[in-house]
Amino acid sequence: VRCALISDIHSNRYALQPVITSIRRCGVDAVINAGDTFGYYPWAQDVFELLHPIAPYSVLGNHDSLLIGATCPSVVPEYWDAIEHNREHLTQSAWDWLESLTTELSLDLDGRCVRIVHGTPDDPLEGRLYPDHEALDAEWFPSNGQVLVLGHTHYPMVEFTSAAGLLVNPGSVGQPRDGNPSAAWALLDTTSLDVTVIRVEYDRRAAMQELRAVGWNDRSIRALDKTRPGRLSVAVGNQEVDR
Ligand SMILES: [Fe+2]
């Protein structure tokens, strides 16, 4: 099975559109979305309409969870306006889809076990596994040819565990943070376990211009043009936290 792995679209239709074109060009059997479909940018309904016809297997991300009110932040984060904006602009069918999502999915694709979670299995909404993580073998690491698809960090990662499992993070469609501002997705062959991370140029200048014109949060605008790697820290109350 050839799978397109996508994650962290964050309501960025400018990035999602060419990613879908790129996926179609490659020809895949299934699309897997590791969450944070919404949040950060204003084009939530457009993203739903682009995504829905390709019928992805999707899980819930932390921003998606804030949208539906499944988690309640103790302090309102700087990107809260985007959450409220997205809430107001989703149609009923988008809501129905969003509310149907779970935090974890396990698929059997031609005998290959593929597990999908936005964060990490021990912290499905907020856990982060960066490519430079310490040598560790968490009990949830995949083994024996099993595949674990993660999102949330906005960094692409492909790694075999010591127990011969595969960890894949396709990076972010809508807000990459690894120093390459092009949209990211990953092509996974579940037979060979070959993974290719694909970068897709998109018109981020046009996206940034449209956001500026409506007075969107400046940090979220600048995050689209991130040409140096580094975590994005965001103000939450009077604290800076990594997001
Ligand atoms: Fe996330």
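## The iron site

In this predicted model, the iron ion is coordinated by Asp 36 (OD), Asn 62 (OD1), His 118 (NE2) and His 152 (ND1), at 2.0 to 2.3 Å. Donors are N, O and S atoms within 2.8 Å of the metal (3.2 Å for Na, K and Ca), and water is not among the atoms, so sites may look incomplete. The spacing of the donor residues in sequence is D-x25-N-x55-H-x33-H.

Asn 62 and His 118 link distant parts of the chain, 56 residues apart. Asn 62 belongs to helix H3 (residues 62–68), and His 118 to the loop between strand S5 (112–117) and strand S6 (147–149). Helices (H or I, at least four residues) and strands (E, at least two) are DSSP runs, numbered from the N terminus. Asn 62 is buried at 4% relative accessible area, and His 118 is buried at 0%. Buried means under 20% relative accessible area, with a 1.4 Å probe and protein chains only.

## Basis of the values

Residues are numbered from 1 along each chain as its sequence is written. Local features need pLDDT of at least 70, side-chain atom pairs count only at pLDDT 80 or more, totals for chains, interfaces and linings use all residues, and side-chain values use heavy atoms, without hydrogens and water.

Definitions and conventions: Buried means under 20% relative accessible area, exposed over 50%, partly exposed in between (1.4 Å probe, protein chains only).
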